Amino acid sequence: MPETYRPKAKDYPLSRLGQGGIELVRVHCRYCKRTHNYYPEDLIQIFGDVDVDSLMERMKCENGNHGMLDVSAFVPTGPQAVGLRIRRLVAIKVQRIPVWREV
Ligand SMILES: [Zn+2]
């Protein structure tokens with residue numbers, strides 16, 4: 001699906017993270033009880049420079065339809081930053097969907 005870009009007031013766009021240091025985006029699935037950390041620049045490649053809060057609706061748990069995810073920006077500090085695993089974007093796969101029509 002091509003990205004649908006809804007123009008809306010950007011309260012806290014992804015590009016603003018990291019301007020005051022290293023800010024990451026934490027995404028938590030309440031169903032799986034799993035948390036992943038992302039670099040804002042990786043998320044911008046997928047979703048565009050969208051509002052951080054809007055990622056709650058845009059991102060989906062990869063394990064299934066687990067509803068809205070908890071999304072928050074944070075600066076890793078102190079013991080939290082030690083051993084922090086961060087997900088990096090490896091590739092974006094484009095799905096080819098055939099569209100048919102009788103002629
Ligand atoms: Zn989940």
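Does Arg 58 count as buried or exposed, and at what relative accessibility? Arg 58 counts as buried, at 19% relative accessibility (buried means under 20% relative accessible area, exposed over 50%, partly exposed in between, with a 1.4 Å probe and protein chains only).

## Basis of the model

This is a predicted model, in which local features need pLDDT of at least 70 and side-chain atom pairs count only at pLDDT 80 or more, while totals for chains, interfaces and linings use all residues. Residues are numbered from 1 along each chain as its sequence is written, and side-chain values use heavy atoms, without hydrogens and water.

## Arg 58

Arg 58 lies in helix α2, residues 55-58 (helices, H or I, of at least four residues and strands, E, of at least two are DSSP runs, numbered from the N terminus). Its side chain makes a polar contact with the side chain of Ser 54, at 2.9 Å (a pair of N or O atoms within 3.5 Å; within protein, one must be able to donate a hydrogen and the other to accept it, and residues adjacent in sequence count only if both atoms are side-chain atoms).

## Zinc site

Cys 29 (SG), Cys 32 (SG), Cys 61 (SG) and His 66 (ND1) coordinate the zinc ion at 2.0 to 2.3 Å (donors are N, O and S atoms within 2.8 Å of the metal, or 3.2 Å for Na, K and Ca; water is not among the atoms, so sites may look incomplete). The spacing of the donor residues in sequence is C-x2-C-x28-C-x4-H. Cys 61 is buried, with a relative accessible area of 13%.

## Contacts of Val 25

Beyond its neighbours within four places in sequence, Val 25 is in contact with several residues, including Leu 14, Leu 43 and Phe 74 (contact means heavy atoms within 4.5 Å).
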